[in-house]
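Look at the sequence and structure first.

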Amino acid sequence: MAQNDAAMTDAEIEAQLEALKKVHEEDSAGPQNALDRGIITVGSAFSFLFAIATVFSLYEIVVRYFFNSPTIWVHETVIALIATCYLYGGMQCLAADKHIRIGLIYFNTSGGTRRLLDIVNGLLALFFAMAIAYAAYTMVEKSWWTPQGEFRLERSGSAWNPITPAIIKMMLLVTSIVLAIQSVGQILTAWKGTGYRQSTGEAPSKLAIAAIAIVFGILAIGGYLLFSEGRNLGIQSGSFLLVGSIMILILTGIPLAFVTGLIAILFTIAWFGSVGVPLVSSRIYSFVNEYVLVAIPMFVLMASLLDRSGMARDLYDAMRLIAGRIKGGVAVQTLVAAVFLAAISGIIGGEIVLLGLIALPQMLRLGYNRALAIGTVCAGGSLGTMIPPSIVLIVYGLTASVSIGDLFLATVTPGLMLASFYIIYILVRCHMNPEMGPPISDEELDIPTSEKLRKLRGVILPVGVAVTVLGSIYGGIASVTEAAAMGVVGVFLSAAIRREVTWELIRDSLKQTLETCGMIIWIGLGAAALVGVYNLMGGNRFIESTILDSGASPMVIVLIMMAILVVLGLFMDWIGIALLTMPIFVPIIIKLGMDPVWFGILFAMNMQVSYLSPPFGPAAFYLKSVAPKDMSLSEIFRALIPFICIQVVALAIILVFPDVALWLPEWVKGN
């Protein structure tokens with residue numbers, strides 16, 4: 001009977017998967033104009049550039065280590081392929097409505113009010129795209145023609161000397177023009193009420209119109225001050241105006257990537273005039289050409305392949321055999337599985353969805369306390385920020401100019417410590433009150449030995465991939481980017497061994513990678529542009545002098561930084577926070593004589609807290625997308641409170657005892 005229950009649970013999970021796919025299909029069935037539909041269709045072909053870049057990266061590893069042959073062309077080709085995908089991903093995300101929106105106003109509206117906001121946001125996005133197009137045109141003009149008007153394509157200047165700079169700059173121009181056309185199209189579809197989740201039969205409420213009018217009235221006043229005074233405002237007033245503009249705009253629901261980019265352009269024009277706009281496009285160009293960023297789509301592709309194969313499910317089932325008889329054992333096995341999943345992918349969204357589909361139904365079926373089950377899934381799924389290869393730490397290393405290998409080594413102990421704290425909390429709670437986490441019955445665990453061996457063998461492949469990725473980094477065999485490529489190939493070969501590779505698996509994984517990277521990188525583009533403009537305004541010197549001249553002790557200064565990150569984490573995505581704050585905070589940390597690697601672990605810990613914290617904790621929303629209908633967001637956030645407290649304790653330990661994070665990289669360097 002128990003085995004039948006387990007089979008029923010499997011069937012229910014499959015049904016949930018199908019239901020989730022249908023929901024996503026309904027949400028993504030929204031493009032009502034031919035351009036958006038065409039962009040999504042062509043995006044499927046563009047996404048295969050990720051696969052080509054992966055193959056080239058693997059070729060570079062083999063040729064360099066086994067044949068000692070130069071591969072300059074591979075390096076530059078991979079950057080160009082990935083940069084092209086990044087730029088196209090911005091169009092794809094806009095067409096598929098995948099850009100991150102953080103809008104207290106936006107998400108609480110419907111009908112005519114939603115349409116009105118979409119029209120306003122479309123106009124703002126149109127201005128952003130047109131400004132980027134103008135700036136990109138100035139780059140293309142210099143990149144494709146000489147000052148005398150002769151046709152000449154800019155080259156990289158390397159030993160291979162390709163024309164990739166000219167191509168990428170032209171791609172930026174084409175992308176910005178298409179974004180402008182998309183914005184016009186989406187304004188029209190919003191006007192008609194035929195866009196995403198819109199309807200024509202309802203007029204905007206008077207209260208909503210008044211609220212929107214107040215918000216944009218405040219923005220208009222700020223804009224008037226900005227453009228009438230310009231530099232006369234001074235950096236202090238300019239800083240307050242910049243931060244206030246960001247906070248107000250993100251509440252309206254405009255994509256976060258466009259908020260930061262739009263603010264960057266407006267402040268550039270006000271401070272430096274229209275001649276300063278090309279500075280924004282140059283920052284965007286430099287950002288998409290960062291080789292370290294190539295690791296991000298590789299790890300995302302790993303997570304996408306893992307998501308669609310059965311490896312994660314088998315890993316969970318194997319853990320279930322080991323911990324099933326312990327009180328709270330299913331919750332413990334969920335956390336152990338989460339650590340392995342984090343070590344393979346480094347992406348939290350997919351992990352929470354997977355655990356929400358696999359582990360949550362099991363715990364609820366066994367009679368686990370709902371709050372404990374919810375907290376376990378969200379906290380465990382969020383470990384991807386701490387367990388290497390963490391994309392959060394990759395971006396931090398890029399912005400702070402810190403060794404990513406050192407960051408990965410430094411985060412091993414804190415990441416495992418945090419996971420251990422979760423496990424201890426669960427075991428203690430279930431020991432004190434066994435009804436919170438009853439063990440699996442002996443009958444359900446009493447399965448044939450051959451079946452046990454099959455499930456345990458399911459651990460070998462995902463663990464092997466994790467060891468390959470991390471071992472190649474720590475062993476000096478490959479860079480982080482190359483290790484990511486090896487991980488993609490490892491997951492793909494594992495799926496092939498399991499006979500799970502299909503055309504649909506490859507196509508859907510690559511498409512998800514394009515949309516995810518488009519979402520992440522375009523937030524980074526806007527943030528990088530904003531930081532560049534703010535630094536030119538003198539903002540970095542202003543903040544640095546304000547903090548260092550305050551007379552506060554170094555620890556108090558770090559606590560203030562942590563508080564700022566906590567507040568920003570309530571409203572913004574982690575990549576925007578990293579790119580906005582780390583170029584300012586890290587130089588201060590270095591001047592205070594503190595280790596930037598240690599500060600990077602504090603940042604990752606802080607982002608752990610932000611993933612779970614209301615009102616915009618992403619973990620809660622990921623789980624809500626696959627949770628039972630009777631499970632509300634308020635219930636999920638309440639369940640996360642004990643785990644947030646555990647995160648704060650872990651953060652305090654790293655803050656007070658830096659050696660907890662730093663001992664491993666120092667030991668490796670000493671040996």
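## Helix 4 against helix 6

Helix 4 meets helix 6 through Glu76, Ala80, Ala83, Thr84, Leu87, Tyr88, Gly90, Met91, Leu94 and Ala95. On the helix 6 side, the partners include Thr164, Ile168, Met171, Leu172, Thr175 and Val178. Contact means heavy atoms within 4.5 Å. This contact has 12 nonpolar, 7 polar and 1 charged residues. Nonpolar covers Ala, Val, Leu, Ile, Met, Phe, Trp, Tyr, Cys and Pro; charged covers Asp, Glu, Lys and Arg; the others, Gly among them, are polar.

The axes of helix 4 (residues 72-96) and helix 6 (residues 164-192) come within 9 Å and cross at roughly 5 degrees. Helix 4 is therefore roughly parallel to helix 6 (angles under 35 degrees).

## Basis

This is a predicted model: local features need pLDDT of at least 70, side-chain atom pairs count only at pLDDT 80 or more, and totals for chains, interfaces and linings use all residues. Residues are numbered from 1 along each chain as its sequence is written, and side-chain values use heavy atoms, without hydrogens and water.

## Helix 17 against helix 25

Helix 17 (residues 404-432) packs on helix 25 (residues 596-612) at about 40 degrees, with axes 9 Å apart. The contact divides into 9 nonpolar, 3 polar and 1 charged residues.

## Helix 15

Helix 15 is mostly covered, with 10 of its 12 residues buried (under 20% relative accessible area, 1.4 Å probe, protein chains only). Among the buried residues are Leu372, Ile374 and Cys378.

Terms used. Axes are lines fitted to C-alpha atoms, for helices over the stretch in contact, and angles run from 0 to 180 degrees between N-to-C directions. Helices (H or I, at least four residues) and strands (E, at least two) are DSSP runs, numbered from the N terminus. Buried means under 20% relative accessible area, exposed over 50%, partly exposed in between (1.4 Å probe, protein chains only). Angles under 35 degrees count as roughly parallel, over 145 as roughly antiparallel, 65 to 115 as roughly perpendicular and the rest as oblique.
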